[in-house]
Amino acid sequence: MCTVVVRWSRGAPVRLLALRDELTSREFDDPGRWWPEHPALVGGRDRLAGGTWCATRVGTGVTALVLNRPQKPVAAPGAPSRGTLPLLGAERGADWRSAVQLDGMASFLLVLAAPDRMTTWDFDGERLVTTEHPEGTWMVTSGGPEDRKADRFLPLFTDSAHPDGWRRLVQAEAPRDDPGALAVRHEQDGLVFATVFGALIEARPGGLTMEYSRRPWLDPWSPVVSWS
């Protein structure tokens, strides 16, 4: 996951945009209930490692998302995959930390978007920094402040309605070889790294609605899908 926009306020559904940037050769499954050990969770499944970039626990309305960060891009041998983190976050909420050993893990930013809170945990490979975000609209990216994406786009998302206005912002530009773009495409040494998935999510306790696309800069997206 490389770009996440969250709008939350107490008493209202949590609304999100999640854009995933990844190697185009890395296969994945569309959102569903893929994990027998986590039957309450809905998310897309990464076929290589078996985890996910975004998961929602339908009963609680809690969504957890992971973004790669650049400080430590490669995990130590035997360390847990970052794809386990959204499963733990959606299942356990803020207590996810007690269920995983961070030693050796690659760096990440974990986002927890719930009806009563938005929390991020930023891990640089050594230290874990926790931030509580007040009610409002927020944007976090894998590049962090360095890519200046939030400087450009957060005011636009703040002033736009979810989901239609947010979808139009994603569709306003074709993918570019620019880390500050919403949709990206970069080719190097025969490999293509690009925006491969986008989802617009509304989550509340007992209900999840989502529309998604593997080419989110184009129209149409999938029909709205609901889980309860």
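I began at D189, which sits in the loop between β11 (185-188) and β12. The model I worked from is predicted. For D189 I read a phi near 55°, a positive value in a residue other than glycine. I then looked up its accessibility: D189 is exposed, because its relative accessible area of 72% is over the 50% cut-off.

I went on to R148, another residue that is not a glycine but has a positive phi, here about 60°. I located R148 in the loop between β10 and α2. Its relative accessible area is 55%, and I noted R148 as exposed.

Next I checked peptide bonds. I found the bond from H162 to P163 to be cis, with omega near 5°. P163 belongs to the loop between α2 and α3. I also noted a cis bond joining D219 and P220, with omega about 5°. I placed P220 in the loop between β13 and β14 (225-227).

Which residues of α2 are buried? In α2, residues 149-158, I listed K149, F153, L154 and F157. Seen down the helix axis, these buried residues fall within an arc of 115°, so they line one face of α2. An α-helix has 3.6 residues a turn, so residues three or four places apart point the same way. I then asked what the buried residues of α2 pack against. I found β1, β2, β10 (136-141) and α3 (164-171).

In strand β10 I picked out T141. T141 is buried, at a relative accessible area of 5%. I noted a polar contact of 2.8 Å between the side chains of T141 and D147. Leaving out residues up to four places away in sequence, T141 touches C2, T3, L67, R69, D147 and K149.

I finished with the nonpolar cores. The largest has 27 residues, and I wrote down V6, V111, I201 and L208 as those with the most contacts inside it. Two or more residues of this core come from each of β1 (3-8), β2 (14-23), β6 (62-68), β7 (108-114), β12 (191-204) and β13 (207-213).

Not counting residues up to four places away in sequence, V111 touches V6, T63, A64, L65, L67, M118, T119, T120 and V140.

Methods
Residues numbered from 1 in each chain as written. Predicted model: local features only at pLDDT ≥ 70, side-chain atom pairs only at ≥ 80, totals over all residues. Heavy atoms only, no water. Core = buried A, V, L, I, M, F, W, Y, C linked by side-chain atoms within 4.5 Å. Buried < 20%, exposed > 50% of the residue type's maximum accessible area, 1.4 Å probe, protein only. Helix = DSSP H or I, 4+ residues; strand = E, 2+ residues; numbered from the N terminus. Contact = heavy atoms within 4.5 Å. Arc of directions from axis to C-beta. Polar contact = N/O pair within 3.5 Å; in protein donor to acceptor, adjacent residues only side chain to side chain.
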